[in-house]
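Subject: Handing over a structure

Dear colleague,

I am passing on the structure below, and I would be glad if you kept it open beside this note while you read what was found in it.

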Amino acid sequence: MSGVVSNKPETRSVNLVTNLTDKENYFVNLDTTNQDEIDSIAAGSTEVPYILLEGYDGSTNNRTGTIAIGGVAKLKLGGTVTANQFITSDGSGKGIACTADNEIYGAVALQNGVNGDIIAVKVVQGTYVTA
């Protein structure tokens, strides 16, 4: 059917090499030397963030997890956002609204939300530029 938008994320399997138990719906970063591994929760707006869909404790033996690389996913918020705002990561992997030039975003809000909410987002990466 033409024009139908899927409400499912595009996903990718990755190796988890840190403890990501209970971190589903948080932003994470790919390892800078091994793009098949997640080594940390995203901590700020300087690296491309992806959304963790399945998290485990990979600190003792690597586990496979799933990240959203496109489509629609859910994201836990660390601040107030409004629909259609670009979202970057705070220092703990939660989504916050972009406010400054050159912040790297990982999603666009599809609905309003406040700190602690889990909202629907469109997963898309880019660099924020104020108008």
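Which side chain of opposite charge is nearest to Glu 103, and how many Å away is it? Before the answer, please note that this is a predicted model, in which local features need pLDDT of at least 70 and side-chain atom pairs count only at pLDDT 80 or more, while totals for chains, interfaces and linings use all residues. Residues are numbered from 1 along each chain as its sequence is written, and side-chain values use heavy atoms, with hydrogens and water left out.

The nearest is Lys 94, 17 Å away, with Lys and Arg counted as positive, Asp and Glu as negative, and His and the chain ends not counted. Glu 103 is buried (under 20% relative accessible area, with a 1.4 Å probe and protein chains only), yet it has no salt bridge (a side-chain nitrogen of Lys or Arg within 4 Å of a carboxyl oxygen of Asp or Glu). Glu 103 lies in the loop between E7 and strand E8 (104-109), strands being DSSP runs of at least two residues, numbered from the N terminus. Its side chain reaches the backbone nitrogen of Thr 99 at 2.7 Å, and, leaving aside residues up to four places away in sequence, Glu 103 touches Ser 45, Thr 88, Cys 98, Gly 126, Thr 127 and Tyr 128 (heavy atoms within 4.5 Å).

Elsewhere, strand E1 (residues 9-16) runs antiparallel to strand E5 (residues 63-76), joined by eight bridges, and Thr 11 has Ala 68 as its bridge partner in E5; strands pair if DSSP finds at least two bridges between them. E1 also pairs with E3 in the parallel sense over two bridges, where Asn 15 stands opposite Glu 37.

As for confidence, the chain averages a pLDDT of 90, and 95% of the residues score at least 70, on the predictor's scale from 0 to 100 for each residue.

Conventions: Helix = DSSP H or I, 4+ residues; strand = E, 2+ residues; numbered from the N terminus. Buried < 20%, exposed > 50% of the residue type's maximum accessible area, 1.4 Å probe, protein only. Polar contact = N/O pair within 3.5 Å; in protein donor to acceptor, adjacent residues only side chain to side chain.
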